[in-house]
4 protein chains.
Amino acid sequence: MPVVSPDIAHRTAGTREEPGDSLGRLAEAYRRIRRTTERLVEPLAVEDCVIQTMEEVSPVKWHLAHTSWFFETFTLRKFAPSYALYHEGYPYLFNSYYVQAGERHCRDRRGYISRPTVAEVMAFRRHVDEHLLQFIEQADPEVAQKAAPVIELGMQHEQQHQELIMTDIKHVLSVNPLRPVYKAFEGEAGDAAPQTWVPFDAGVYEIGHAGGGFAFDIEGPRHRCFLEDFLLADRPVTNAEFMAFMEDGGYRRSEWWLSMGWATVEERGWTEPFYWERRDGAWWTYTLGGMKPVAPNEPVAHISYFEADAYARWAGARLPTEQEWEVAMSACSPSVEDAHFLEDAPMHPRPARPQGTAGANGSPPAGAAALRQLYGDVWEWTRSQYSPYPGYAPGEGALGEYNGKFMCNQFVLRGGSCVTPRTHIRPTYRNFFYPEATWQFTGFRLARDP
Amino acid sequence: MPVVSPDIAHRTAGTREEPGDSLGRLAEAYRRIRRTTERLVEPLAVEDCVIQTMEEVSPVKWHLAHTSWFFETFTLRKFAPSYALYHEGYPYLFNSYYVQAGERHCRDRRGYISRPTVAEVMAFRRHVDEHLLQFIEQADPEVAQKAAPVIELGMQHEQQHQELIMTDIKHVLSVNPLRPVYKAFEGEAGDAAPQTWVPFDAGVYEIGHAGGGFAFDIEGPRHRCFLEDFLLADRPVTNAEFMAFMEDGGYRRSEWWLSMGWATVEERGWTEPFYWERRDGAWWTYTLGGMKPVAPNEPVAHISYFEADAYARWAGARLPTEQEWEVAMSACSPSVEDAHFLEDAPMHPRPARPQGTAGANGSPPAGAAALRQLYGDVWEWTRSQYSPYPGYAPGEGALGEYNGKFMCNQFVLRGGSCVTPRTHIRPTYRNFFYPEATWQFTGFRLARDP
Amino acid sequence: MPVVSPDIAHRTAGTREEPGDSLGRLAEAYRRIRRTTERLVEPLAVEDCVIQTMEEVSPVKWHLAHTSWFFETFTLRKFAPSYALYHEGYPYLFNSYYVQAGERHCRDRRGYISRPTVAEVMAFRRHVDEHLLQFIEQADPEVAQKAAPVIELGMQHEQQHQELIMTDIKHVLSVNPLRPVYKAFEGEAGDAAPQTWVPFDAGVYEIGHAGGGFAFDIEGPRHRCFLEDFLLADRPVTNAEFMAFMEDGGYRRSEWWLSMGWATVEERGWTEPFYWERRDGAWWTYTLGGMKPVAPNEPVAHISYFEADAYARWAGARLPTEQEWEVAMSACSPSVEDAHFLEDAPMHPRPARPQGTAGANGSPPAGAAALRQLYGDVWEWTRSQYSPYPGYAPGEGALGEYNGKFMCNQFVLRGGSCVTPRTHIRPTYRNFFYPEATWQFTGFRLARDP
Amino acid sequence: MPVVSPDIAHRTAGTREEPGDSLGRLAEAYRRIRRTTERLVEPLAVEDCVIQTMEEVSPVKWHLAHTSWFFETFTLRKFAPSYALYHEGYPYLFNSYYVQAGERHCRDRRGYISRPTVAEVMAFRRHVDEHLLQFIEQADPEVAQKAAPVIELGMQHEQQHQELIMTDIKHVLSVNPLRPVYKAFEGEAGDAAPQTWVPFDAGVYEIGHAGGGFAFDIEGPRHRCFLEDFLLADRPVTNAEFMAFMEDGGYRRSEWWLSMGWATVEERGWTEPFYWERRDGAWWTYTLGGMKPVAPNEPVAHISYFEADAYARWAGARLPTEQEWEVAMSACSPSVEDAHFLEDAPMHPRPARPQGTAGANGSPPAGAAALRQLYGDVWEWTRSQYSPYPGYAPGEGALGEYNGKFMCNQFVLRGGSCVTPRTHIRPTYRNFFYPEATWQFTGFRLARDP
């Protein structure tokens with residue numbers, strides 16, 4: 001998953017407004033994002049926030065502290081001269097990957113740290129919030145202008161951890177035989193309409209971020225690429241469709257799988273999607289609302305690249321490249337005017353919509369009737385391995401070191417999921433995970449050659 | 001470590017008193033032991049009670065629940081017909097090794113379980129306590145007489161977990177870079193008097209439990225053994241003595257080590273005892289009172305069998321057999337009249353006492369002047385691999401399955417440590433651990449041939 | 001590494017000649033390739049041919065048998081009705097990855113099989129040769145026409161195993177502390193001329209195999225791609241240049257490495273290229289001619305993708321994409337008229353040539369003066385992760401299953417090495433390995449953006 | 001398994017004869033033992049002698065070289081001043097555990113070494129033989145007297161490796177799906193007579209080597225021990241008896257197994273003894289004569305301690321201690337007058353003999369009628385973990401370092417197997433292996449309390 005970078009060249013310089021106004025809006029957005037994080041953890045017990053149930057999962061407590069460490073390290077300690085380090089042990093404990101920001105505690109031992117307690121971490125958050133808001137209000141305008149993009153980075157970063165909090169707590173609760181519920185919800189019944197293919201023509205296209213809003217360094221530079229003719233499915237693959245693959249021996253027949261995928265199936269004993277469970281002849285799945293019967297009309301989720309790729313081969317199709325995906329979606333991207341924060345996210349993939357009601361946030365996009373369900377329910381695997389765009393250069397310093405470091409053995413996912421903050425979704429966004437990852441809300445959409 | 005067993009043949013039948021009196025005392029002892037456990041966890045935060053920092057360590061929360069599950073399963077559900085299971089998910093979560101008592105949750109994933117919360121576990125404890133005390137008070141006398149030995153077993157079992165709570169929480173706090181303090185204490189300064197050798201004669205001796213109090217099945221049957229002449233040290237090896245071994249290349253020279261011991265040294269990179277740390281040219285160690293300089297006059301602790309054995313070879317001596325140890329100690333065993341529960345245990349190994357003040361609990365034993373420091377500070381490794389005594393037969397059923405299952409690749413330790421409940425210490429007690437174990441308060445005493 | 005496939009659509013149908021002539025040439029080529037394989041193993045002792053020194057390495061004996069199994073299985077048993085299986089145990093032992101061709105012996109246990117002996121395997125080879133040549137000579141012309149492409153596939157396959165025999169035996173001999181010599185050779189002294197950059201213009205290019213000779217399925221279909229402006233180095237990076245990277249802390253400073261690359265450096269303790277060794281302050285390397293001082297002017301070899309990528313970042317450059325490489329090389333591809341079999345291959349990377357003498361086989365290509373050293377010394381890592389070309393579809397059946405299965409976590413290499421058979425080198429060839437692989441003769445060439 | 005040590009105090013000094021005679025006999029015995037080793041490998045192909053099929057197994061080539069290295073290092077280089085090292089690379093390659101004899105090649109990589117070839121190793125053997133025999137003949141008598149015990153040690157050591165050659169080559173051939181035959185043999189049909197119990201009385205016994213022939217240091221010193229009453233089976237457990245255990249769920253029911261034993265069963269998926277295989281509803285086993293039906297009347301072999309111990313518990317019995325075993329066997333030890341070298345060993349466990357024909361070598365022992373089958377077919381597991389006898393002190397220097405190093409996590413086996421050289425069998429011999437070991441010819445005999 002990408003993290004923020006200081007490369008702010010992607011912002012459109014021309015849209016700047018009066019400093020005072022923009023700082024006021026920044027403070028307001030900061031308050032709202034931080035509050036959102038805290039509302040996410042309200043349903044949890046202290047005990048839920050401490051443990052780490054697999055290496056990829058971090059304790060909720062760690063997320064709460066790490067996002068605050070980010071603001072303290074890259075904003076307060078850098079731009080606010082009078083700011084004193086809150087606790088000298090915290091930078092070591094709450095740094096994640098930023099090698100250049102100093103030594104850090106081992107990722108796979110975050111669940112071994114009982115102190116600081118959750119209450120102490122919340123006090124740390126409040127401390128950072130107070131000083132950061134005070135800084136925005138009182139700082140010299142020139143300094144504030146320099147710090148503003150870094151604060152915006154921190155907010156984007158916090159939104160990424162909001163999504164991780166949700167996927168991690170889902171795992172934490174799921175491994176408990178008591179299967180606790182995060183928040184009850186009701187599923188929507190019904191069948192999905194059949195998938196249809198939408199055609200796109202060969203040609204030279206421009207892709208990548210074009211300015212006019214925040215973007216990560218790896219989303220640019222904008223550049224040209226050549227695409228041959230292709231067809232793209234109008235919605236992601238559903239649970240019902242995936243069950244047909246399973247019934248046809250999907251997890252037992254090697255011929256559809258990548259060699260490494262099949263080795264993973266055998267080594268881990270995969271016989272169904274992650275979180276699925278057989279009960280009395282029916283498929284159930286663990287959700288943030290507890291155990292539920294698998295809904296046929298919902299997009300299949302928690303699917304690895306290997307499973308998506310095998311399904312596509314079984315179906316006589318393939319996964320799209322990230323270029324194909326972006327070209328198709330950019331043509332019909334929804335307006336995000338009414339998008340909100342994660343507290344408004346669905347928390348569970350929504351069923352495939354009836355024809356004509358597409359949109360990441362429910363609003364029907366102009367001119368995108370062909371594509372019925374856009375994105376915002378499950379991250380969509382592409383067949384593109386994660387590589388730099390032509391002309392890409394990573395940012396400088398600790399903040400720039402992150403994204404380029406992972407351009408190896410990862411596949412690109414596009415779109416966004418039911419636990420992605422709504423303002424964090426855009427068609428140029430490049431998410432990436434290793435091909436066996438399943439603990440995110442990951443699904444896929446088919447493509448094929450004409 | 002042994003656990004309780006239903007083999008109560010070791011109790012001396014002749015010492016029975018009036019049922020009413022004895023049940024009253026049982027209830028009183030039960031209350032006191034359960035209260036002791038809860039007092040042990042008072043200094044802890046909820047977060048400390050949830051995590052598992054290595055496979056051998058269990059979360060404190062698990063210990064609190066498991067000991068209650070033991071009383072619920074083997075007393076209430078067996079002898080109290082009207083008792084209803086408190087929670088149907090708990091037996092699976094809180095069973096440990098008792099295969100015959102049903103399926104159980106994996107030991108190495110106890111730290112993945114956030115629910116029930118600590119508060120919910122404490123409610124479970126109170127529920128069990130109420131019903132168990134009510135049962136003792138109101139049960140039919142015949143039924144109560146049958147249940148009484150099982151309740152006593154449960155109390156012995158709880159005492160074992162009191163020791164484990166202390167050793168486990170020590171590990172949990174120690175891995176935190178912030179090095180939290182469980183309870184502050186002051187060390188005692190000074191040097192230890194030189195070790196002297198106490199001679200014992202060859203002959204046929206009787207060892208093993210002789211009746212007259214509680215004992216585990218593996219402590220018997222009492223039987224004869226032949227010992228050649230031997231000499232035993234009058235106190236355990238101290239930190240100062242162990243440092244001399246280290247300075248002579250103890251951890252760098254393979255010639256003193258067992259082959260498997262040396263492999264362990266190399267694989268784990270051991271260069272000093274567990275919990276020790278070099279700071280500015282001096283040795284420090286993590287204790288329940290936080291980081292402290294290593295005290296020269298204290299018994300060395302957290303020592304594996306491999307280290308004890310290598311030290312002994314370096315010192316031109318050897319470890320005693322468990323038979324030698326028991327024969328020597330039985331001759332001078334302290335009275336335990338004034339012994340108390342774990343809240344009175346020292347929580348840290350005491351320095352070697354000045355001549356003439358030996359005793360597990362501080363009281364000078366009659367006729368044991370030769371052995372200056374008896375036991376009760378560190379468990380003492382013997383060179384005896386853990387095997388059954390002649391004529392040993394394990395008890396029946398779930399409670400009997402435990403002890404005999406571990407007679408392989410473990411060494412016997414004798415005595416008791418600074419976190420062993422005082423009433424849980426006796427000269428026939430056979431503790432056992434695998435030879436690389438270091439997270440218990442384990443030390444050793446030298447022996448040699450004439 | 002790709003293997004042969006039955007997709008022969010890439011051959012230019014128009015160039016067919018008289019059947020009799022072409023079958024005669026096929027027989028002659030078959031004889032020559034098989035003889036080459038056997039000449040490669042002549043310097044070896046029986047003992048050298050049996051062992052497997054790491055999972056990627058196969059015993060030479062296995063290569064000798066497997067290539068014969070390939071002809072027996074896919075030609076003789078399929079097209080020669082009277083042919084009887086040579087030994088019923090061999091198909092199980094000598095199948096490699098071909099799941100559809102039946103069960104197979106574990107790859108990582110090939111070194112556990114002492115029988116059949118080397119002599120028995122050579123008898124199997126002779127048996128297959130006799131029957132195959134007889135088949136070519138006597139078969140019904142129609143059947144022979146069907147079998148011919150499969151025989152050609154088998155010959156391409158055998159050439160791939162010729163390269164593997166050389167890289168595997170290099171490893172086998174290298175792990176022996178006696179450091180045996182495969183075949184003595186003399187290095188060429190001198191310094192390499194400085195690298196220069198050759199510019200290429202942005203535009204839509206065609207790449208992929210265009211017909212007119214053998215190619216693997218994954219080399220096609222030919223298709224269009226868009227490239228932005230780029231610069232390519234006129235020769236691979238040399239040992240002297242790589243040593244400058246090492247002296248600047250190349251293996252000690254994480255900032256130039258991919259995250260997974262740095263983890264590999266730390267886990268495996270890499271401090272120099274594979275096969276290098278420090279002796280008396282100088283770098284030596286194991287070669288097929290024994291231990292030699294590292295020659296400054298030779299291309300650095302046995303380099304993983306991680307090392308190549310880190311070097312490029314250190315040098316302020318990057319690796320080329322496979323599209324850039326192919327576009328550049330296709331413009332100046334050498335004629336291969338005088339190319340020969342592996343017995344004529346150099347067996348060690350040749351030094352960077354003086355300006356104006358480029359070519360895979362030494363002949364200066366027309367119009368390629370700018371690119372001084374083409375390919376044929378070391379395989380060249382590209383930054384392209386191994387993916388299908390647009391429109392790619394794998395072949396049918398056992399022979400088609402191979403190449404598409406590995407499109408995950410592998411990087412493409414282009415060119416060919418000093419142990420690649422000369423006729424096996426062409427600009428569209430797509431080799432691939434996982435990024436930590438070093439036991440092949442792998443090097444790299446720099447690229448950069450204008 | 002014990003190895004030779006220089007502690008020759010166990011030899012009875014009084015039985016010395018004239019130096020010339022004794023040296024002549026030494027030379028003759030040396031020649032014969034060395035020739036035996038070479039006859040053992042005659043049926044093998046060169047390829048069989050190179051590979052290592054699991055860590056415990058060494059290549060036959062290594063055994064041939066290592067035993068010669070032993071004579072070169074500890075006799076020729078120490079006592080023959082003019083002797084020059086044969087090859088400077090060999091000591092590193094062919095040292096095994098002797099840390100004090102210098103650096104050594106990793107045990108688990110012995111199968112990675114193709115050179116020296118088998119022919120070169122045989123030349124090394126001949127070289128050592130010539131110089132050693134010349135040394136015995138020509139050395140100064142005083143020097144020869146000093147060297148003689150070390151030569152005898154080397155011969156004992158070579159006999160141990162004769163047994164290992166046979167068990168290792170059995171494994172090497174067994175893993176080959178072609179299942180090659182080492183040497184054909186015919187089994188003996190029939191059923192075994194029922195087992196009977198032989199009683200022994202409680203009392204103080206002397207055990208350990210008493211002088212009068214060669215013994216390892218760990219067989220002494222002779223000392224007293226006290227045994228309670230016990231009963232010992234008159235023969236080892238047979239295949240038929242073990243099959244009854246299997247049919248009763250022996251490998252499926254945890255209640256009879258040690259905890260670590262059951263973990264081993266689950267981890268390795270054990271469902272039958274090592275080398276057994278189910279074919280068409282019957283049990284077959286790999287033998288040095290190839291695949292054979294399991295013979296009901298033969299002692300069960302290739303049994304781990306865990307399996308032996310579980311069987312005993314299932315049978316309501318236990319394994320004997322090594323003291324019980326030695327006391328019982330010493331009373332009826334066969335004369336070894338007519339015992340010979342390994343070429344006369346049976347190479348496969350013989351069936352339980354009819355009553356009255358006991359004996360390690362077939363000769364009925366005087367006064368041992370009660371014990372029908374003594375030892376010499378399978379090593380017999382005892383319940384004794386391998387520990388030093390009272391008063392044991394290891395020898396000095398490299399040769400003394402071995403045996404005491406393994407007193408941890410190993411169990412003692414007594415007797416000798418069908419591939420133990422006949423002169424290498426005696427009632428005080430203490431063999432030892434870790435409890436999961438199965439690649440030796442290991443079986444067991446039951447004991448029980450009255």
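B:Phe411 stands opposite B:Phe433 in S10(B). That pairing belongs to a predicted model, so here is a quick tour of what the coordinates show.

**Sheet in chain B**

- S9(B) and S10(B) run antiparallel and are joined by three bridges.
- Both belong to an open sheet of four strands in chain B, ordered S10-S9-S8-S11, and the pairing in that sheet is mixed.
- At the edges sit S10 and strand S11 (442–443) of chain B, each of which pairs on one side only.
- Helix H9 (residues 322–330) of chain B packs on this sheet, where H9 touches strand S8 (379–385) and S9 of chain B. The direction of the helix makes about 10° with that of S9(B).

**A strand pair in chain A**

- Strand S1 (residues 197–200) of chain A has two faces: A:Val198 and A:Phe200 are on the covered one, while A:Trp197 and A:Pro199 are on the uncovered one.
- S1(A) pairs with strand S4 (residues 230–233) of chain A in the antiparallel sense, over four bridges.
- Which residue of S4(A) is the bridge partner of A:Pro199? The partner is A:Leu231.

**Nonpolar core**

- As background, nonpolar side chains in soluble globular proteins tend to be buried together.
- Here the largest nonpolar core has 435 residues. The residues with the most contacts inside that core are A:Phe444, B:Ile151, B:Phe444, C:Ile151, C:Phe444, D:Ile151 and D:Phe444.
- For a look at one of these, take C:Ile151: leaving aside residues up to four places away in sequence, C:Ile151 touches C:Leu26, C:Tyr30, C:Phe71, C:Thr75, C:Leu132, C:Phe135 and C:Ile136.

**How the chains relate**

- The same surface serves both copies, as 100% of the contact residues of chain A recur in chain C.
- Chain D superposes on chain C through a rotation of 180° with 0.0 Å of shift along its axis, again with RMSD 0.1 Å.
- Of the interface residues of chain D, 100% are also interface residues in chain C, so these copies meet through the same surface.

**Salt bridges**

- Side chains of opposite charge can pair when their charged atoms come close. Over all chains, the count comes to 88 salt bridges.
- B:Glu219 and B:Arg426 form one of them, with the closest N and O atoms 2.6 Å apart. This pair links distant parts of the chain, 207 residues apart: B:Glu219 is in the loop between strand S2 (203–207) and strand S3 (223–227) of chain B, and B:Arg426 is in the loop between strand S9 (411–415) and strand S10 (431–433) of chain B.
- Are these two partners buried or exposed? B:Glu219 is buried, at a relative accessible area of 0%, and B:Arg426 is buried too, at 12%.
- C:Arg414 and C:Glu326 form a salt bridge with the closest N and O atoms 2.9 Å apart. This one spans 88 residues, from C:Arg414 in strand S9 (residues 411–415) of chain C to C:Glu326 in helix H9 (residues 322–330) of chain C.
- C:Arg414 is buried at 0% relative accessible area, and C:Glu326 is buried at 2%.
- In chain A, salt bridges that share partners join A:Arg34, A:Glu38, A:Arg125, A:Asp129 and A:Glu158 into one network.
- B:Glu241 meets B:Arg235 in a salt bridge at 2.9 Å, N to O; B:Arg235 is buried, with a relative accessible area of 1%.

- Most residues other than glycine have a negative phi, and most peptide bonds are trans.
- A:Arg115 and A:Pro116 are joined by a cis peptide bond, with omega about 0°. A:Pro116 is in the loop between helix H3 (90–94) and helix H4 (118–138) of chain A.
- A:Gly220 and A:Pro221 are also joined by a cis peptide bond, with omega about -5°. A:Pro221 lies in the loop between strand S2 (203–207) and strand S3 (223–227) of chain A.
- A:His302 has a positive phi of about 60° although it is not a glycine, and A:His302 is buried, at 3% relative accessible area.

Key
Residues numbered from 1 in each chain as written. Chains lettered and ligands numbered in written order. Predicted model: local features only at pLDDT ≥ 70, side-chain atom pairs only at ≥ 80, totals over all residues. Heavy atoms only, no water. Core = buried A, V, L, I, M, F, W, Y, C linked by side-chain atoms within 4.5 Å. Buried < 20%, exposed > 50% of the residue type's maximum accessible area, 1.4 Å probe, protein only. Contact = heavy atoms within 4.5 Å. Pairing = 2+ DSSP bridges. Salt bridge = Lys/Arg side-chain N within 4 Å of Asp/Glu carboxyl O. Axes fitted to C-alpha atoms, helices over the stretch in contact; angles between N-to-C directions. Least-squares fit on C-alpha atoms with pLDDT ≥ 70 in both.
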